[in-house]
Amino acid sequence: MDKTAKIIDIHGANEYKTISKTRAASRGIVIENARMLISHEENVDYYSIPGGGLEKGETPEEGCIREVREETGYLVKPVCHFLTINEYYEEYKYTSYYFLCDIIGKSKQNLTANEIERGLVPKWMEPDKMLEIYAKHGDYASTNEERRGAYMREYTALSEYLERYKKVLE
């Protein structure tokens, strides 16, 4: 893991004093032709940076490669671990490792039943457009806490990416 990666902590209003459960995930930011690869669940209109939970014994880099391939069908190589976000909700600590990735090939998606049901498809979108979508995380506070938290996390990660690497897109 990159020791220079920035660490950001997000504390939910419902955070318990004692953390008894943890979950780690990896996510890949893939940029090509000034657009970024996004996982879009069309049936519920939900956008996410490709990634997901680590499997037992898997490194964050391995998890990023596997999750991006499964969700999007793209084979990637993580080139930089630039950010770690720790989220604290109830008794949980969720850790997300964010990597900048290069595409090295193409495969096929390997979706879960839930992802198929939700209509997950890969899309290429402008980072600024995604930032606009994620910026509305507060709109979900009273209706969908999971989406509010996920969009706030993705907004934080994408803002950090754009602050550090926007010149790459220009």
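Which residue lies over the face of Tyr-74? It's Lys-106, at 4.2 Å from the ring centre; a charge counts as over a ring if NZ of Lys or CZ of Arg is within 6 Å of the ring centre and within 35 degrees of the ring normal. The model is a predicted one, where local features need pLDDT of at least 70, side-chain atom pairs count only at pLDDT 80 or more, and totals for chains, interfaces and linings use all residues. Residues are numbered from 1 along each chain as its sequence is written, and side-chain values use heavy atoms, with hydrogens and water left out.

Tyr-46 gets a charge too: the charged end of Arg-118 sits over its ring, 5.7 Å from the centre. Tyr-46 also belongs to one aromatic cluster with Tyr-134, Tyr-140 and Tyr-151.

Across the whole structure, a search turns up nine aromatic pairs (rings of Phe, Tyr and Trp, the last by its six-membered ring, with centres within 6.5 Å; planes under 30 degrees apart are stacked, over 60 edge-to-face, the rest tilted). Phe-82 and Tyr-161 are edge-to-face, because their ring centres are 6.2 Å apart and their planes stand at 65 degrees. This pair ties together distant parts of the chain, 79 residues apart: Phe-82 in strand β6 and Tyr-161 in helix α4 (DSSP runs, H or I of at least four residues for helices and E of at least two for strands, numbered from the N terminus). Phe-82 is buried at 0% relative accessibility, and Tyr-161 is buried at 2% (buried is under 20% relative accessible area, exposed over 50%, partly exposed in between, with a 1.4 Å probe and protein chains only).
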